Every structure is written in C-alpha cells, then in structure tokens.
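Please look through the sequence and the model shown here.

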Amino acid sequence: MAVMIAPSILAADFAKLGEEVRLVENAGAKMLHIDIMDGHFVPNISIGPGVVQSLRKVSKLEFDVHLMIENPERYIEEFATAGADIITVHIEATRHIYRLIQQIKALGIKVGVSLNPATPLDLLTYILQELDMVLLMTVNPGFGGQKFIPEVLPKIVALSGIIKEVNPNCKIQVDGGINTDTARLVSRAGAEILVAGAAVFAAPDPQTAMKEILQAAEEEQQSRNR
C-alpha cells in the first residue's frame, strides 16, 4: 500500500471547517481523521456525531473516526449512521474489545484498534486477525500539537513484522507529532497511514505542507522497499 496522509481536523479552524476539509481534499487527501474526545478518557472534549454528519454532506473523503472516549460501544451506531467509514476504538477504553470489534463490523464499516504509547502489542494477540487497521499513538491522546514520542518507533517495527504473519491486509496508522521529519521515521519503521494535524492545518499553506509530509514519507517507504 502506498503511504497516505490523513489530515486531522482537530487542528483545523472550526469556524470554517467545511472549507478546511475541502482544502485538504483538493490537495489530494484520501482520508480524513476525525478525533472524538469525551473529557473522560482524555482531558478534552471535541465533537460528536452531528459534526461528522455535517461534514459527510460536503466531503467524499474516507472518514476515519477515532473514538477517544469511554464506553465506546454506546456510540458506535450513531457514528456509523453519521457517515464514518472506519471507526477506531482504544483498547484501553473498553472491557470487551472482541465484542466491540464485532459490533462495528456488523454495521458494515471498517474497524481499527488504537494503542496508547505505553500499551503493549501483546493485547492485540487474539484480535489482530479481525482488524482493518491498528493505530499506534505516537503521543499520549487528548491534545493536538504534542511532541512525537520516539520510543514508539520500535513498536511500529515490531507490529509491522507481526502483521505480515497474521493479517497482511491490516494497515498501521500513527497519530501524534507527525511532520516532515517524523514522517520519515515512522514510514521507515513501517507505518502506512500518517495522521497529521497541526503540521497541516496550522501551516501557512496547508496544501503545500500536506504534500511535503507525504513526499517525505513516500521517499522513505520507497527506500525501505528497495
């Protein structure tokens, strides 16, 4: 799979959110990362299904809805109905992850599972074959604009090796502190979908910024595949 940049609207200007989404879509984005925060699992509160539904009316991008919330099983159907194409849940946020995965799949959408930086890969052992994507957090979730945690890089490498054996169709996504420099690092380690927030939307020219991050990641991926 070619490496992909998924712009995160957490860093966008919410006063002109539809315009911001169209901007990155016109720049070549294929996926939009939508962070949902509840003020419990993480300190901040962001948006709910209503905003996802509104954005669905103005965008054809693949919506990657990242639930950073407690008891995510209560809200899966709402986000699916609102227009999510992928729902990613945190393994730390639910007691019954296998049941939750099946709940998402039953709605006919893709499923991802996210791990915080300190959460071990061992927890994926009995569910990896069920997943379309694993999101490895490269910052602790809850705030935009945080500094990349380099200690996650060996974790990406390890997961890449496991996925090749267990579920080659599963993609590795990373989220947190992604810019042109860290994009090279995570791509070299095996990440395929890179979530970028402030590095895109806070840049003077978001379209150019997104293209530069993508180019850096693609160059590293091509070098790795030689």
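Ile91 sits in the loop that joins strand S4 (86-90) to helix H4 (97-106); helices (H or I, at least four residues) and strands (E, at least two) are DSSP runs numbered from the N terminus. This is a predicted model, in which local features need pLDDT of at least 70 and side-chain atom pairs pLDDT 80 or more, while totals for chains, interfaces and linings use all residues. Residues are numbered from 1 along each chain as its sequence is written, and side-chain values use heavy atoms, with hydrogens and water left out.

Ile91 has a relative accessibility of 10% and therefore counts as buried (under 20% relative accessible area, with exposed over 50% and partly exposed in between; 1.4 Å probe, protein chains only). Leaving aside residues up to four places away in sequence, Ile91 touches Ile97, Val113, Ser114, Leu115, Thr119, Leu123 and Ile127, where contact means heavy atoms within 4.5 Å.

Strand S4 belongs to an open sheet of eight strands, ordered S1-S8-S7-S6-S5-S4-S3-S2, with parallel pairing; two strands pair if DSSP finds at least two bridges between them. Strands S1 (4-7) and S2 (31-37) stand at the edges with a single partner strand each, so one side of each has no neighbour in the sheet. On average, neighbouring strands are turned by 25° against each other, direction ignored (axes are lines fitted to C-alpha atoms, for helices over the stretch in contact, and angles run from 0 to 180 degrees between N-to-C directions).

Within this sheet, S6 (residues 133-137) and S7 (residues 171-175) pair in the parallel sense over five bridges. Leu136 has Val174 in S7 as its bridge partner. Helix H2 (residues 49-56) packs on the sheet and touches S2 and S3 (62-68), its direction making about 170° with that of S3.

Helix H6 (residues 180-189) has Thr182, Ala183, Val186, Ser187 and Ala189 as its buried residues. They lie on the same side of H6, because they cover an arc of only 155° around the axis, taken from the directions from the helix axis to the C-beta atoms. At the start of H6, a side-chain oxygen of Asn179 comes to within 2.9 Å of the backbone nitrogen of Asp181. Just after H6, Gly190 has a positive phi of about 125°.

Overall, the protein chain has eight helices and eight strands. Of its 226 residues, 52% count as buried. Among contacts with a separation of 6 or more, 65% are between residues 24 or more positions apart.

Key. Polar contact = N/O pair within 3.5 Å; in protein donor to acceptor, adjacent residues only side chain to side chain.
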